[in-house]
Amino acid sequence: VYIDAKHPYSRFWKTLMSAITFRPCVAQDVELAIELIYSSGPAAFNYVFCQQSETQALDFLRRAFLAGDSEFGLQQHIAIERDGVMVGLGAVRFADQQLGFTVTAFKHIWSFYSLFSALPVLFRGLRTERVIPPPQAGAGMLYHVAIGASERGQGLGERLVERLIDQVKGHGFKTVMLDVAASNPRAHVLYKRLGFKDVLTRKGGLKSTFGEVVDHTLMTFSLPA
């Protein structure tokens, strides 16, 4: 098949003909993985984790990813690869994980920040959960869904979301949840196209020196019986 690189559909066909695979994330993915995780909500990450400098969110996420035992850990994330090259990642979490994740996050924050810096970080994290709450019982929540900037618009996000939905199905649940920021209308359109429906929008308006949490819309997808 001949593909004209200038044709408007050439990038789509390139993706269609490429070898798309999925695998668990590993420690060697850390730099690209953190870039992708951060891109899924940079303003919110900065709001919670930047206390004294703009780099603290990335530094904290890097340490938590390598530690592997929290919602930010490598063990939670799967990578999507095209022709053997990682181009995105995503994760799923469940309600029965939340207590353990919360305790672990507290430990990471206490060890990463000084005493007087840890307290406001914890406070902002708890405030953020009022806008982006943890998953409900009986459902799986998709999060940190991200495709590299140069790889977007080629159907990879759709493939990744479908793979994550399969992960929820594998746990025996029929409901898939996610939160999408008002600042990410492109993702909102993708999720609607895949069958997700808006449930409610929670007001953000949380701001700090380094970031903010905007409005977030809870969306759900019901798996067929």
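**Figure 1. Helix H8 against the sheet.** Helix H8, formed by residues 185–193, lies across strands E4, E5, E6 and E9. Its direction is at about 160° to that of E5. As in every view below, the coordinates shown belong to a predicted model. The mean pLDDT of the protein is 92, and 92% of its residues reach 70 or more. Residues 1–10 have a pLDDT below 50; beyond near neighbours in sequence, this stretch makes 7 contacts in the model.

**Figure 2. The open sheet of 7 strands.** The strands follow the order E1-E2-E3-E4-E5-E9-E6, and their pairing is mixed. Strand E1 (20–24) and strand E6 (197–202) stand at the edges with a single partner strand each, so one side of each has no neighbour in the sheet. On average, neighbouring strands of this sheet are turned by 30° against each other, direction ignored. Strands of a sheet pair through backbone hydrogen bonds, in either a parallel or an antiparallel arrangement.

**Figure 3. The pairing of strands E5 and E9.** Strand E5 covers residues 175–181 and strand E9 residues 216–222. The two strands pair in the antiparallel sense, and 7 bridges join them. Within this pairing, Val 180 has Thr 217 of E9 as its bridge partner.

Figure 4. Which strands does helix H2 lie across? Helix H2, made of residues 30–39, lies across strand E2 (77–82), strand E3 (85–94) and strand E4 (139–147). The helix runs at about 60° to E3. Helix H2 also meets helix H4 (residues 56–67): their axes come within 10 Å and cross at roughly 125°. That angle makes H2 oblique to H4. The crossing of H2 and H4 is right-handed. From H2, the contact draws on Val 30, Glu 31, Ala 33, Ile 34, Ile 37 and Tyr 38; from H4, the residues are Ala 57, Leu 58, Leu 61, Arg 62, Phe 65 and Leu 66. By class, 10 residues of this contact are nonpolar, none is polar and 2 are charged.

**Figure 5. The contact of helices H5 and H6.** Helix H5 spans residues 98–112 and helix H6 residues 115–128. Their axes come within 8 Å, with a crossing angle of roughly 145°. H5 passes H6 in a right-handed crossing. Phe 106, Ile 109 and Trp 110 of H5 make the contact with Leu 115, Ala 118, Leu 119, Val 121 and Leu 122 of H6. What classes of residue make up the contact of H5 with H6? The residues comprise 8 nonpolar, no polar and no charged.

**Figure 6. The contact of helices H3 and H6.** The axis of helix H3 (residues 42–49) comes within 7 Å of that of H6, and the two cross at roughly 140°. H3 and H6 are therefore oblique to each other. In H3, Tyr 47, Val 48 and Phe 49 take part in the contact. These residues meet Val 121, Arg 124, Gly 125, Arg 127 and Thr 128 in H6. The contact of H3 with H6 contains 4 nonpolar, 2 polar and 2 charged residues. Val 121 of H6 is also one of the residues in the contact with H5.

Definitions and conventions:
Residues are numbered from 1 along each chain as its sequence is written. This is a predicted model: local features need pLDDT of at least 70, side-chain atom pairs count only at pLDDT 80 or more; totals for chains, interfaces and linings use all residues. Side-chain values use heavy atoms; hydrogens and water are left out. Axes are lines fitted to C-alpha atoms, for helices over the stretch in contact, and angles run from 0 to 180 degrees between N-to-C directions. Helices (H or I, at least four residues) and strands (E, at least two) are DSSP runs, numbered from the N terminus. A crossing is left-handed if the near helix is turned anticlockwise from the far one by less than a right angle, and right-handed if clockwise. Contact means heavy atoms within 4.5 Å. Ala, Val, Leu, Ile, Met, Phe, Trp, Tyr, Cys and Pro count as nonpolar, Asp, Glu, Lys and Arg as charged, and the others, Gly among them, as polar. pLDDT is the predictor's confidence in each residue, from 0 to 100. Angles under 35 degrees count as roughly parallel, over 145 as roughly antiparallel, 65 to 115 as roughly perpendicular and the rest as oblique. Two strands pair if DSSP finds at least two bridges between them.
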